[in-house]
Amino acid sequence: MNPAGKVLAYCVFERADHKTGSNGVDGQPIRRLDFQDLVALYSDFPNPRNLDQEDALRFHAVIKSVFDRQAIIPFRFPTFLDDEAALLKELRENYARYHADLSRLRDFVQMELRISAEQQNENPTSGKQYLEAKLQQTHSVQQVVRAVRESAAGLISDSKERLTDRGIRLYALIRREDTALFRARIQSMHAPAPLRILLSGPWPATDFLHE
Amino acid sequence: MASPNVIAIGGDGSDELSLLDILDHVLNSGVVIQGSIVISLGGVDLVYVGLNVVLTSVETALRTIEADQQRSLERGK
């Protein structure tokens, strides 16, 4: 399907007076669509072509320029709609949900921790050995998760965990003003080998939006 | 002092880990609008065709980077 002639949606946020950046994907001007107390950003996409990594990074730059100042709800890249009217319809039909999420998450950001084993016994000699190693890894990861929660006590307003092949992804909802403190506390931790913690953020609190 | 096993990803896209982290988020996080256009060719989303060369998990990328660094160190011995 050819998306040319469509509009690319970036994000929704509560109306603010600041400017919303310059150009988006394809160098197209960023446009804003106001609906009640919400604003959606979008740009035209007039030229048919495949999207690439640079487009994704340009998209990220646009939403980051807003997120650096306030809470946003990003659209997943790439979200194309027929025209501005279709975007307005989306805002109107989902206003209550967007409004509630942005109000609830106004002062919050999401930090992410990937807690995983650097290496495993890739060649277990038996199924039993494999399961024992897996169980040991799970226990070790859970210990680190508990240590993270203790280390960041008082900073995490909400959290979610998602299992991965080698460990857990932990999503922590924290106040924007606590970002540096949260990072410092996590970076002062020690993850016992072979575990590792990858700390990322702040990000828009997308894992804490209402379903 | 930061533990060597705790790695903070920059988030500015200036290194490979940070770049992959950003791509992971823009492609996998955020609101999906029902009825929005899916760009696809033969059932495969084009955007993923375009990005799958670089898109791998951050953990995998880190292992690759470290393996490269280790090889470089060994060559320098």
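The exercises below, each with a worked solution, concern a predicted model.

**Exercise 1. Domains of chain A**

State into which domains chain A is divided and what distance separates their centres.

Solution. Start with the division: domain 1 of chain A covers 6–104, and domain 2 covers 108–208. Next take the centres over C-alpha atoms; those of domain 1 and domain 2 of chain A are 31 Å apart.

**Exercise 2. A sheet with strands of chains A and B**

Give the strand order of the open sheet that includes β1(B), and explain why one side of each edge strand has no neighbour in the sheet.

Solution. Step one is the order: the 5 strands run β6(A)-β7(A)-β5(A)-β8(A)-β1(B), with mixed pairing. Step two is to look at the edges, where β6 (156–163) of chain A and β1 (6–8) of chain B stand. Each of these has a single partner strand, so one side of each is left without a neighbour in the sheet.

β6(A) and β7(A), residues 167–175, are antiparallel and share 7 bridges. Within this region, A:R162 is opposite A:R169 of β7(A).

α5 of chain A, residues 179–187, lies across β5 (108–117), β7 and β8 (195–203) of chain A and across β1 of chain B. Its direction is at about 175° to β8(A).

**Exercise 3. The partners of β3(A)**

Find which strands pair with β3(A) in the antiparallel sense, and over how many bridges.

Solution. Begin with β1(A), residues 6–14, which pairs with β3(A), residues 38–45, over 8 bridges in the antiparallel sense. Here A:E14 has A:L38 as its bridge partner. Then turn to β2(A), residues 31–35, which is antiparallel to β3(A) over 5 bridges. For A:R32, the bridge partner in β3(A) is A:L41. Finally, check the connection: β2(A) and β3(A) make a hairpin with 2 residues between them, and A:Q36 in the turn has a positive phi of about 50°.

**Exercise 4. Two helices from two chains**

Decide whether α1(A) and α1(B) are roughly parallel or roughly perpendicular to each other.

Solution. First read the geometry: the axes of α1(A), residues 53–67, and α1(B), residues 16–28, come within 10 Å and cross at roughly 80°. Next apply the cut-off, by which 65 to 115 degrees counts as roughly perpendicular. The two helices α1(A) and α1(B) are therefore roughly perpendicular. Then list the residues that meet: A:Q53, A:A56, A:L57, A:F59 and A:H60 from α1(A), with B:I22, B:L23, B:V26 and B:L27 from α1(B). Sorted by class, this contact has 7 nonpolar, 2 polar and no charged residues.

Methods. Residues numbered from 1 in each chain as written. Chains lettered and ligands numbered in written order. Predicted model: local features only at pLDDT ≥ 70, side-chain atom pairs only at ≥ 80, totals over all residues. Domains from an automatic or database assignment. Pairing = 2+ DSSP bridges. Helix = DSSP H or I, 4+ residues; strand = E, 2+ residues; numbered from the N terminus. Contact = placed C-beta atoms within 7 Å. Axes fitted to C-alpha atoms, helices over the stretch in contact; angles between N-to-C directions. Parallel < 35°, antiparallel > 145°, perpendicular 65-115°, else oblique. Nonpolar A, V, L, I, M, F, W, Y, C, P; charged D, E, K, R; others polar.
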